[in-house]
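Here are a few notes from my look at the helices. Have the model open as you read.

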Amino acid sequence: MAMETEALRSSNLKIRFREGGKHWTDALPIGNGRLGAMLCGHVESETIHLNEDTLWTGTPADYTNSKAPQALSQVRNLVNRQQYPQATAAAAGLTGNPSEAYQLLGDIKLDFDYSHLTRGQETYKRELDLDTATVKVRYSVGDVEFKREHFASYPDQVIVTNISATKPAKLSFTVSLHSKMINQTYVNGANQIIMKGACPGKRIPPNAEDNPQGIQFSAILDLKIGGGNGVINILDGNKLKVEASDWAVLLLVASSSFSGPFTAPSDSKTDPTSQCFSTLSSISNVSYSDLYARHLNDYQDLFHRVSLRLMKSTQQNVTEDRSLELKRLAPSVAHLSLVDTVTQVSTSDRVKLFQTDEDPSLVELLFQYARYLLISCSRPGTQVANLQGIWNKDLQPVWDGAPHLNINLEMNYWPALPCNLSECQEPLFDYISSLSVNGSKTAYVNYQASGWVAHSKSDIWARTSAGKGDAVWALWPMGGAWLCTHLWEHYAYTMDEDFLKYKAYPLIEGCVSFLLSWLIEDSEGHLETNPSTSPEHYFIAPNGEPACVSQSSTMDVTIINEVFSIFLSATEIIGRTEDNIVGEVRKALPRLRPINIAQDGSIMEWVKDFKDPEVHHRHLSHLFGLFPGHTITFEETPALFEAAEKSLYKRGEEGPGWSTTWKTACWARLQNSSNAYKMIKHLINLVDPDHERPFQGGLYSNLFAAHPPFQIDANFGFAAAVAEMLVQSTLSDIFLLPALPRKKWANGSLKGLKARGATTVSICWREGDLQEVCILSKDLTRTTLRKRIHYRGTMVTADLVSGVFYTFNGQLKCSNTRSPS
């Protein structure tokens with residue numbers, strides 16, 4: 001039994017299919033942060049969908065509106081007179097033009113010979129191996145097995161495909177490049193296809209007089225074959241035909257003329273075609289095996305930092321029960337062992353079964369999948385992970401595929417720190433820096449304020465003004481402030497004072513300067529925000545009409561409270577406490593309007609206890625202070641902590657994927673394991689792309705999370721929420737297994753999760769009880785760190801020497817110390 005269980009573990013980190021993909025969300029994603037591909041795995045005719053993260057519509061723009069101050073004055077006067085519907089209508093004067101849209105690169109088309117029509121269905125396997133970041137497709141035609149391997153290399157900046165056959169001279173196919181974008185494609189030499197194209201310079205089709213040059217792009221497909229009989233022929237000047245080869249290796253490189261958010265494409269000095277040739281030249285003498293080895297070393301250095309094992313109680317005959325359930329779903333594997341059964345059953349069938357078998361290993365898979373996706377779509381030097389990461393098939397993606405700053409972009413990066421992938425956050429910090437440049441102009445012109453501001457929706461050009469559309473989502477100037485909390489969290493987890501001093505502090509200070517300018521005094525002496533919205537949520541005004549604009553929404557106040565608090569903490573650390581702005585913040589902080597509790601005991605979402613027309617609304621904006629913020633805690637604000645719990649019950653369970661994972665994290669912060677697990681179970685439901693329901697949530701067959709449609713934020717939110725269930729922390733405290741569903745995950749272990757205070761935590765538990773915890777703190781600025789360690793109401797204080805491993809038993813007694821080998 002033990003050997004079988006271990007075999008199950010080793011096979012668990014794979015997403016499996018028994019057939020080619022019917023829908024785009026059946027395809028398997030690979031990526032190196034910049035380049036992405038989706039593999040459908042079709043046998044006779046395969047299409048590999050490609051993306052490059054800098055391909056967007058548009059050019060740099062002016063994100064200011066000289067008429068906004070007059071509109072702002074009008075809105076504020078209407079709010080002060082409590083004419084909220086009229087203020088909502090007048091707020092249209094503060095919105096602007098549409099943001100730009102994320103685009104696609106194109107497709108690799110592979111057409112195989114007619115013999116592939118006779119392949120044996122039972123021989124087909126397609127899988128994404130999270131341990132190696134490789135997609136594999138296998139099938140047989142007669143007595144010949146064909147195998148395809150795909151990976152996206154970050155160190156070599158190339159998408160690699162290896163196609164092989166088990167018998168010589170059996171591989172024949174035609175390859176071509178296509179794109180929905182304006183492009184030209186042609187063969188170069190004997191073994192390359194070049195595609196050159198351009199993104200629209202204006203999102204709306206321009207007229208002849210107004211047609212700016214958009215981002216230019218190039219892609220080159222380089223083809224190598226092996227075998228004494230293999231040949232490559234050119235077809236129609238834009239296709240390559242391989243005949244009688246043993247194997248083929250395809251290298252896809254791509255580049256664009258994007259030179260940053262402040263450089264117009266027409267002014268760019270970057271030649272994307274030359275960049276592609278340079279990349280190919282750098283790997284021209286590198287073998288496939290070496291490319292794979294370099295990819296693997298790079299990827300596994302990140303992925304192997306964290307492991308998670310979740311199991312049911314050993315007092316149940318779980319293995320036998322699970323085997324029966326799996327075989328019921330797939331009768332064709334009834335004769336196999338459990339290990340072989342798991343490797344034969346598709347992942348979508350496992351998702352279907354979760355509502356009855358609640359297989360903990362599926363939670364493991366989904367947790368590690370999120371880490372895989374973050375590594376694959378956000379690496380140093382790339383763009384931020386957008387609404388779909390980097391994977392997109394449309395010229396007009398839903399919600400433009402754009403970064404949304406009122407939850408989605410932030411959620412994309414929630415797992416980066418606790419799940420030990422801090423490097424993957426670097427694009428976010430670069431993006432915040434760009435927003436601060438444009439945002440200072442928006443703040444100065446639109447609001448006559450100092451500092452910098454960003455609203456709810458942006459794009460590759462670092463848009464900072466309110467977008468075009470309803471004020472309920474467009475008019476929300478707290479996006480930059482929320483992002484600044486990520487800067488502080490990076491310091492809190494890493495204790496990197498240089499990062500805090502030189503990168504984070506200037507950005508936080510600029511945000512604080514705007515917030516001080518934005519706050520105005522009300523008749524009661526409070527400092528308030530006006531106008532203010534609670535993202536995407538209407539209320540019913542006293543006259544019975546719907547409205548969204550009032551003053552001092554709870555989310556505004558809690559974000560400002562959070563930013564002011566971390567700013568003051570940062571000034572203490574870097575020695576800036578005497579700056580004038582510090583005194584202003586100290587005076588302003590206690591004057592913020594307090595968070596109020598409504599008549600029903602929940603947290604009031606708006607400044608008044610307005611009637612809520614949608615009590616099950618997807619956003620949890622008024623609970624920011626609970627999670628991801630820190631202003632609502634059991635120790636410091638017990639009444640608000642209780643009200644937050646009532647608010648979660650009031651919101652209910654239904655909602656899109658990202659809302660479900662936010663609720664999971666909130667329940668975890670409340671240390672309510674039962675409800676946190678209930679939300680996990682709610683998410684793990686299979687979505688049929690042909691019969692989607694708005695806001696239903698769930699998972700597609702490739703485990704992409706659904707709004708619907710696909711939004712990647714819920715995948716990332718899931719990993720962060722699971723981490724929160726297992727480890728919580730402050731700079732001084734570590735809470736062990738605070739929301740562990742003891743009956744569902746009775747046994748388990750984790751290795752490598754991060755806690756605040758530059759601390760790494762590894763835990764083992766048995767039958768719901770802590771067995772052992774290993775803690776390592778590495779603070780480069782202090783030799784000894786004092787930590788309070790909490791478990792089920794017991795707390796011990798430990799002085800930890802930096803760089804030394806400390807092991808504690810289930811009673812929190814130190815049982816061993818050792819230095820790193």
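How many of the 16 residues of H13 are buried? The points below start there; keep in mind that this is a predicted model.

1. In H13, 15 of the 16 residues are buried, so the helix counts as mostly covered. H13 covers residues 479-494. From first C-alpha to last, H13 reaches 24 Å, close to the 22 Å expected at 1.5 Å a residue.

2. Next, look at H5 (residues 288-303) against H9 (residues 360-377): the angle is about 130° and the axes are 10 Å apart. An angle over 145 degrees would count as roughly antiparallel, and H5 and H9 are therefore oblique to each other. The crossing of H5 past H9 is right-handed. On the H5 side the contact uses Tyr299, Leu302 and Phe303, and on the H9 side Gln368, Arg371, Tyr372 and Ile375. Sorted by class, that contact of H5 with H9 comes out as five nonpolar residues, one polar and one charged.

3. H9 also packs with H8 (residues 347-357), here at about 125°, with the axes 10 Å apart. H8 and H9 are therefore oblique to each other as well. H8 passes H9 in a left-handed crossing. From H8, Thr347, Arg350, Val351 and Phe354 meet Ser361, Leu362, Val363 and Leu365 of H9.

Key: Residues numbered from 1 in each chain as written. Predicted model: local features only at pLDDT ≥ 70, side-chain atom pairs only at ≥ 80, totals over all residues. Heavy atoms only, no water. Helix = DSSP H or I, 4+ residues; strand = E, 2+ residues; numbered from the N terminus. Expected span 1.5 Å × (residues − 1). Buried < 20%, exposed > 50% of the residue type's maximum accessible area, 1.4 Å probe, protein only. Axes fitted to C-alpha atoms, helices over the stretch in contact; angles between N-to-C directions. Parallel < 35°, antiparallel > 145°, perpendicular 65-115°, else oblique. Left-handed = near helix turned anticlockwise from the far one by under 90°. Contact = heavy atoms within 4.5 Å. Nonpolar A, V, L, I, M, F, W, Y, C, P; charged D, E, K, R; others polar.
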